[in-house]
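Welcome, and please load the model in your viewer. We will go from stop to stop, selecting a few residues each time.

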Amino acid sequence: MDDVPPYPPIDPTTFDLIVIGTGLPESIIAAAASSASKSVLHLDPNPFYGSHFSSLPLADLPSFLSSHSSSPSPPRSPSSDDPNEFSLLEFATRPLYSSIDFSTFSPNLLDQHSRRFNLDVAGPRVFFCADKSIELLLRTGTNQYMEFKSVDATFVGDNKGNLWSVPDSRAAIFKDKSLGLVEKNKLMRFFKLVQGHLAGEQDVKISEEDLQSPFVDFLNKMGLPPKIKSFILYAIAMADYDQEDTGVCRDLLKTKDGIDQLALYNASIGRFQNASGAFLYPIYGQGELSQAFCRRAAVKGCLYVLRMPVTALLVDKDTGCYKGVRLASGQDIFSQKLILDPTFKVTLPLGSSPPLPLKEKLPFFSLKDDKGKIARGICITKASLKPDISNFLVVYPPRSLFPEQVTSIRLLQIASNLAVCLPGMFVLYISALCNDDDQGKKLIHAVMNMLLTVPLDSESNAAVQSETAEIGCAVQDETSESSSGGPSDSGEEKPTLLWSALYSQELTLGQVDFICSTPMPDGKLNYNDLIDTTFKIFQEIYPEEEFFPETSLENPEGDGDASPET
Amino acid sequence: MHGRPRKAPKPEDEAASSAKAQKLRALQTQFFSFHHNKIYTKEAVELSAKLLEINPESYTAWNYRKLAVEHYLNLPDCNPDSIKSVLDDELRVVENALRQNFKSYGAWHHRKWVLSKGHSSIDNELRLLDKFQKADSRNFHAWNYRRFVAESMKRSEQDELKYTEDMIYTNFSNYSAWHNRSVLLSALFEKKAEGFLLKEKVLLEEYEFIHQAIFTDPDDQSGWFYHLWLLDQTVTTDSPLLASSWPGHGSDVLLVGDRCYNGSAFSPFSALHSDSGLFPIVLSFNQPVGGVNSSTVTVECGFNKNEDLFWKPLSASNSQTARVWVAHLKIPSSDLHSTVEVSVGHSKGIISTRGFEYSHPSMFSFKVHVQPMERDSSQVSVAESISLREENFKVYGTQSEESIIDSSDQLIIKNGHETTASNWRFEALAKEIGCFRELLSLVDCKIGKLTLARLLKAYDAMSYPFANKLVHSEEVLELYSDLMKLDPTHYQFYKDEHSIVLLQKVTSSKESLLQHCFQYKDSVSSAICGPICLRLNNLSLSRMGAFEKLLWVQMLDLSHNELQSIEGLEAMQLLSCLSLRNNKLRSLTALEPLRKLKSLRILDISYNQIGDQSIDTTRYVCSSPLSHSVGSELNRDETVTSDVALINNWEAFYIFKDFNLNQLDIVGNTIADEKFKSVLVKIMPKLKQLDGKLLD
């Protein structure tokens, strides 16, 4: 990234909107603004689309992560006044990743084929067939730039190494081998109650009082046994924190929200004829999504320049109002509005306060309270975690692996049929919310040790081993138990780890900027919350404009066929 | 494919469909001209294909194509390649037609016809079917065709069974898949295929399988139907059994010419009045059988030759199978004390309607005592009238130790050896009962209650020979009462079941039956006369049942019930006196079973609803083929066709002409006006009393 080619001059030099970074929120805003007939310049310092939402070749991932992990670069020079009427405020980068840890157990194999991997920076992530991102893709015709395959199943893992399939539909309940007859009946009746409630049937209406109460209390009231509660809360409603421990739970679901999640899940199953489960995954990885919106924007006239770092913000000397940006090429580009990806922060001149007019317009959406971090892990294996099935999701509900585990750990296995790795290989994405890097590592390692064989003869294996030692007796006991007699070990060997990347990602934006900053990838499994935030940002900058007006459907390029290709 | 509401067509749709009709009419006209002129040119055949692609329901076009294929196949220059191409064309046309309409009978049939020519690859068919069945997994046409293909390519039942399993796992609301499963399993049981030798093991697994569906969604009916099939497989013994007989084993029967007999040493249960000199032997099986004749059933007695005996099936329909069969011995008019031995099934030939051989040869014997006919007393009985009023009955004391009831029980126990070998049936039923009690503790569902009632009833029936009582009858009655309230649309069905269980309960023990046995006492002479009268009045019965326990009954009081039908009553061959007063019989045709009761002399059908409705619903509801047989019989009877009154009452003629009634009460029915009564007198010249009035 250092030896960028000579920067081309950009013409024109004035736009309605400049967007920096091609992550998903930036790309959607660029596309939405272009659809609203705004002139948009979309810049990215990287040579690829997607920023923190991208899918990268194996060799590029380490450099991308570490380039965003160093401590903030000190301002190169104190902000100086230009000879003309602008003040220059220099950009600084914010560290977003920490505790980055790569392990390679099969260097030759992977290095030769690095470019055949498309690894998601913000995994694990899927689309629910009926979620907001799919709606947005269909509504805007952006789906024409993408192809999907179905994620075939969801499992819940336990501390014995078992993966239990989640009875998430009528057919799945019928087929399930782990539930008793009474449990099946209770679960199906609960689903029917929810369906009836959503369909507005009067006699099955859930009371307002119940809707406002915690979802877990409602499930208790319905007499659902713990196993089913766990399925519903963590594998269907995708709750992050232990819902039964209000001391640690930061996202206590209300019944209303829980039901909305069930409705989303339910609507997702069977929505597309050739998608068997509730989820979709894009061929070539999640980075395709950002890129698709960029293409959508380009069709509407958005100008794209990649490999173009920006160095400073131009503000009006007198009013302190934003005017434009200075590019690495030295060129100044002007616009009315600016959207920045969360990497950037503006260094104010020492001792000065932000210019007043901007201070009043502090963007509300970036005022996220401290949500800690998210630990992510990417593993490559040569064998599937479960025979006969290649693309699936695994959820480890809170406290399912060890007593101190207060958040759900999610794992997504994606096979080579989604063009994310070499044929015969599998990519596992693991994530869990955590307070700090150590806690996060412990969570990711717990899952890795449960499901994978980590070879001992590796250059960087020591890290994994030492982490394992720190996890504590509880996990050690469980793993040794499972290796001695756990069902997963009885028949098949655990897949062997070939390569792994572990890192923690900031969820907080750290500093409230006076410029519109887009959010980082969140800890959720899908993009719903991100799309909500993106919509709010768009409304903030263009309160008069419609977010993708319906007319965009008439776009001759969009054929509106969303069925995933399988 | 299913559960989609029909939408009213939009104007543009209507326009499109009328344009389509226009096009279709033009095509059709041209097609018919080709067809009638037997033109089978390439152009003509292609036209028919076009027609079928628009309208696959055009049977004539399919037939035309068959003719065209035959035409091509008979051409002199016909070679294997050209045959294949002709038939491949046909398959392609069918496929296109099916795309237009999945459920086109003509198209599916044409495909079968093409394949039966034997030139096409059958493997291809399975692939096509997979595609169709994926699009509509419940389409019974496709399932039918699948059975045809599976058979043609000799695909194993095991493979097909696996296929039904896959389909059921995809969506268990699939009647067709469950049904095919039952068909395949039946075939595998019959073949005694490997892994299917132990029927019980397979059935228990299937119960386990269907529980998953029933518990997951108790409202889904497809699973319940399969459960009903499993229950049937569990309960029904393959080979038919003799359930009871009259006379019972070891009984003494006194045949008297007079209705009154005082101080006789015989129990009034076993005295039979017969003025015809005929003595019936009745066999009641546990399921309908055929092939009962003098070679499969032999009767040894001193006064009749076995070969002369003619066994008659007793069923509502005129089929040659029935649960109950009767033959009549001719009794000499002299004093007689003779032992009669009846052997059933010692030679092969008695076969159930399901094709199973009667395989438990049994024998019973009884003694017949004949009191010579007294001509004088038969004159007396002519003037006598029987009136089934409350004051004329006296509770029958329980002095008799060896009643008919006991002997019929003995017979059942004799057959019990089959049941002892089938402990798994008990275990399966007990397990099911537990399972459904659990389901009902979770949800209040109608079909669950009904199934529990059926299970309990089946369990009781199976354990009766050992327990000698119906343990669960109270609970079953309660369940049916519940269901009548819960599900008013099927009230009559539950009511009928309730009636039958009630009757089984009443007839289950000697004690309970004796509570309904009365002796008739003439109000004038106050002499105890005639046989025992079984009074099943005021029980709110809507159906009769438990006939195998009631073969001995000669006087039956069914008054003040809610009977709409008396189906099955033909089994009660000894009946001479029957009261159906105050019931809900709606038509004369409902009396059809009585035509087979040759001893019936006294009949009370007063205060029913005969003639209330101008449309005779019995004829549509009942399985009786009466509607077919009536006309043909009438035409042959020329004496009738001349009489206008009889023609207008042809139903009455048909029903009553075979009766040998002395006494009839019909008052209180809409139909019973003076004119009708005069018709009745004409039909039944032997009638001596009508509505309490002596006839000249």
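Begin with F48(A), which counts as buried at 17% relative accessibility; buried means under 20% relative accessible area, exposed over 50%, and partly exposed in between (1.4 Å probe, protein chains only).

A note before we move on. This is a predicted model, in which local features need pLDDT of at least 70 and side-chain atom pairs count only at pLDDT 80 or more, while totals for chains, interfaces and linings use all residues. Residues are numbered from 1 along each chain as its sequence is written, chains are lettered from A and ligands numbered from 1 in the order in which they are written, and side-chain values use heavy atoms, leaving out hydrogens and water.

**Rings in chain A**

The structure holds 44 aromatic pairs over all chains; rings of Phe, Tyr and Trp (its six-membered ring) pair if their centres lie within 6.5 Å, with planes under 30 degrees apart counted as stacked, over 60 as edge-to-face and the rest as tilted. F48(A) and F64(A) form an edge-to-face pair, 5.6 Å centre to centre with 70° between the planes. F48(A) lies in the loop between β2 (40-43) and β3 (55-56) of chain A and F64(A) in helix α2 (residues 60-67) of chain A, so the pair ties together parts that are 16 residues apart in sequence. Helices (H or I, at least four residues) and strands (E, at least two) are DSSP runs, numbered from the N terminus.

Zoom out to the whole chain: chain A has 17 helices and 22 strands, and 59% of its 566 residues count as buried.

**A cluster of rings**

Next, select F174(A) together with Y169(B), F172(B), W178(B), F209(B), Y226(B) and W229(B): ring pairs link these residues into a cluster.

**Charges over rings in chain B**

Select K66(B) and W113(B). K66(B) lies over the face of W113(B), 5.9 Å from the ring centre. Then try K199(B), which lies over the face of F189(B) at 5.5 Å from the ring centre. Here a charge sits over a ring if NZ of Lys or CZ of Arg is within 6 Å of the ring centre and within 35 degrees of the ring normal.

Pick D88(B) in helix α4 (residues 80-100) of chain B; D88(B) is partly exposed at 32% relative accessibility. D88(B) and V114(B) are 26 residues apart in sequence but 8.8 Å apart in space, C-alpha to C-alpha. Finish on Y105(B), in helix α5 (residues 105-116) of chain B, which is partly exposed with a relative accessible area of 48%.
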